[in-house]
Amino acid sequence: MALNHTYEARLVQQETAVGAGVQILLLAVLGTGTGMGTAGWVTGLVFALASWAVLSRALHRSRPRSFGPANRVTLGRATLVGGVTALVADSFESSTPVTLLVVLTTVALILDGVDGKVARRTGTSTALGARFDMEVDAFLILVLSVYVSTQLGPWVLLMGGMRYAFVAAARVWPWLNAALPPSTARKTVAALQGICLLLAGSQLLPYEANFAVALLALGSLVWSFGRDVLWLWRTSRVVAQDAAEQGLEQELEREHRQGKKQVLELAAG
């Protein structure tokens, strides 16, 4: 869809509305095919409504020229995540079709490597697109951790909650909001979370193997977050020290000018 170089609110919002409609259609298919209960339906509909509202608000604030092909891929992935969310919620009431859950999650994880490539190839990379992609990833990990925690224990929830705990901590310590340098290791660890949780949740391996896989994922995530937090803390100390030194230099320069002015006044008098 070709747009001009101004923000076309109606056209952009139409795409988010289509995404919400596709989400509801997917829920209808899942409900018909699996006999999904009330918990699955309600959770899926809440996800669709919340996703549409949050994305619409973000688009209104950033005012992009178009929704963009990469965001369309991410929106499709978010639709699949909504389906996974509904199935996981339904698992608390009835038996979950594990194969269907695995298929939806696998496709969502594969598409995670597509939207970034599309954005780079089409020159449509934006801060909104990156944030949209990250939030979909984080929510999928949260949902999968909830599902796997019913099999391995509540400690698995640490994987899903760690990113949200980091965001909450950043409200208390603003230095956590600083931009991090690109890191292949960070991206690898993030991708590993979904793969390991999917493997553990698929129940293809013995309990002990699933436990080890999930523990490996959690350990790598703790290492990744710890490394980033340490880098941010050290950087904030350097920035604070530089600011203090710059402030001291400015204060000395001000005192020097003031002293010079007083000497000139005395000489003139």
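This is a predicted model: local features need pLDDT of at least 70, side-chain atom pairs count only at pLDDT 80 or more; totals for chains, interfaces and linings use all residues.
**Asp-115 and Arg-77.** I started with the side chain of Asp-115 and found a polar contact to the side chain of Arg-77, at 3.0 Å.

I then checked where Asp-115 sits, and it belongs to helix α5, residues 115–122. Is Asp-115 buried or exposed? Its relative accessible area comes out at 4%, under the 20% cut-off, so I logged Asp-115 as buried. Next I listed what Asp-115 touches, skipping residues up to four places away in sequence: Ala-70, Val-73, Thr-74, Arg-77 and Asp-133.

**Ala-78.** I moved on to Ala-78, which I found in helix α3, residues 69–90. Ala-78 has a relative accessible area of 7%, so I put it down as buried too. With neighbours within four places in sequence left aside, I got Gln-23, Phe-47 and Val-136 as the contacts of Ala-78. I also looked up the C-alpha to C-alpha distance from Ala-78 to Gly-19: 8.8 Å, for a pair 59 residues apart in sequence.

**Helix α4.** Last I went over α4, residues 98–111, which has 14 residues. From first C-alpha to last I have 20 Å, close to the 20 Å expected at 1.5 Å a residue. Which residues of α4 are buried? I wrote down Leu-101, Leu-104, Thr-105 and Ala-108. They span an arc of only 95° around the axis, so they lie on the same side of α4. On the face turned away from that buried side I noted the exposed residues Thr-99 and Ile-110.

Notes. Residues are numbered from 1 along each chain as its sequence is written. Side-chain values use heavy atoms; hydrogens and water are left out. Helices (H or I, at least four residues) and strands (E, at least two) are DSSP runs, numbered from the N terminus. Buried means under 20% relative accessible area, exposed over 50%, partly exposed in between (1.4 Å probe, protein chains only). A polar contact is a pair of N or O atoms within 3.5 Å; within protein, one must be able to donate a hydrogen and the other to accept it, and residues adjacent in sequence count only if both atoms are side-chain atoms. Contact means heavy atoms within 4.5 Å. The expected span of a helix is 1.5 Å times one less than its number of residues. The arc is that of the directions from the helix axis to the C-beta atoms.
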